[in-house]
Amino acid sequence: MGLRFAAYVPRPLERHAPASAVVAEATGDDVSVLAVLQARARGGSAREWAGRIHRARCGDRSLVVTAKVAGEAVGYANVAFLPEHPMDHAPAGYYLTGVTVDPAWRRRGIARLLTRRRMDWVWERDSAIWCFISARNRASLDLHRELGFHHVLFGASFQGVEFTGGEGWLLRADRPQS
C-alpha cells in the first residue's frame with residue numbers, strides 16, 4: 001500500500017486557525033475510529049489498520065496518542081522502541097513511527113501537538129528520539145526540523161521501511177538540557 005503525503009504548501013494563501021485539540025493516549029475504544037481515519041488518509045483496509053493500531057497500542061514500549069476536536073478523532077500518532085535493524089543498521093531507540101491527520105484538519109497544528117506529546121513521553125524514558133521520513137514528504141521534514149530534529153543519514157530504508165522515491169532521512173532529536 002503506497003503512502004499518501006500531505007500536499008507541500010509552505011506558504012499557503014489561505015491559513016486556517018489552529019485547532020484546539022485534546023491529545024491523549026488512545027484507548028481500545030478509539031482503535032476502530034482511528035483505523036477508518038488511517039484507511040481514508042493512507043489507503044488500505046480499516047480492518048488491517050485496526051490490527052496494526054491495536055498491536056501498537058498494546059506494546060510494552062510503545063504509545064499511540066489521538067487528537068480529538070469536540071470529541072471527534074481528527075488525528076493520531078505512534079511511537080515505539082525498535083531494536084537495531086539487522087539489514088540497514090538503523091540504531092536501537094524510540095522512533096516516532098507515524099502520524100496521520102484527517103485531510104480536513106491538516107495545517108491546523110494537529111501533527112505538531114501529536115508529535116510534541118510523543119516527544120515528551122519519550123524524554124521521560126530516553127534522551128534521544130529517532131524518526132525516518134521519505135525525502136518526498138517535505139511537510140513532515142519541515143515539521144520535524146522545527147521541533148529540533150536533525151539529519152543523521154540518508155538511505156533507501158530504515159528499520160526495514162523502504163521509501164517512496166527510494167530515499168529517506170533518518171532524523172534524531174535530543175532531550176533539551178535542563
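Me: Let's take buried as under 20% relative accessible area, exposed as over 50% and partly exposed as in between, with a 1.4 Å probe and protein chains only. Which of these does E48 count as?

Reply: E48 counts as partly exposed, because its relative accessibility is 38%. Before we go on, this is a predicted model, in which local features need pLDDT of at least 70 and side-chain atom pairs count only at pLDDT 80 or more, while totals for chains, interfaces and linings use all residues. Residues are numbered from 1 along each chain as its sequence is written, and side-chain values use heavy atoms, with hydrogens and water left out.

Me: Good to know. Where is the place of E48?

Reply: E48 is in helix α2, residues 46-57. Helices here are DSSP runs of H or I with at least four residues, strands are E runs of at least two, and both are numbered from the N terminus. The C-alpha atom of E48 is 10.0 Å from that of V36, which is 12 residues away along the chain.

Me: Nice. And at what angle do α1 and α2 cross?

Reply: Roughly 125°, with the axes of α1 (residues 31-42) and α2 coming within 8 Å. Axes are lines fitted to C-alpha atoms, for helices over the stretch in contact, and angles between N-to-C directions run from 0 to 180 degrees. The two helices are therefore oblique to each other; under 35 degrees would be roughly parallel, over 145 roughly antiparallel and 65 to 115 roughly perpendicular, with the rest oblique.

Me: Which residues of α1 and α2 meet there?

Reply: From α1 they are V31, L34, A35, V36, Q38, A39 and R42, and from α2 A46, W49, A50, I53, H54 and R57. Contact means heavy atoms within 4.5 Å. By class, this contact has nine nonpolar, two polar and two charged residues. Ala, Val, Leu, Ile, Met, Phe, Trp, Tyr, Cys and Pro count as nonpolar, Asp, Glu, Lys and Arg as charged, and the others, Gly among them, as polar.

Me: Now the other pair: how do α3 and α4 pack?

Reply: α3 (residues 110-123) and α4 (residues 138-146) pack at about 50°, with axes 11 Å apart. That angle is why they too are described as oblique. The contact is made by A111, R112 and T115 of α3 with L143, H144 and E146 of α4. By class, that contact has two nonpolar, two polar and two charged residues.

Me: Switching topic. How many residues has the largest nonpolar core?

Reply: It has 30 residues, and I110, L114 and F149 have the most contacts inside it. A nonpolar core is a set of buried Ala, Val, Leu, Ile, Met, Phe, Trp, Tyr and Cys residues joined through side-chain atoms within 4.5 Å. Elements giving two or more residues include β2 (62-69), β3 (72-82) and β4 (93-101), and α3 gives the most, with six.

Me: What is L114 in contact with?

Reply: Leaving aside neighbours within four places in sequence, the partners of L114 include V23, V65, Y76 and V99. There is also a second, separate core of 11 residues, with A26, L34, W49 and A73 among them.

Me: Last one: which residue has phi near 50°?

Reply: That is A70, and the value is positive in a residue other than glycine. A70 lies in the loop between β2 and β3 and is exposed because its relative accessible area is 83%. H89 also has a positive phi, near 60°. H89 is in the loop between β3 and β4 and counts as exposed at 52% relative accessibility.
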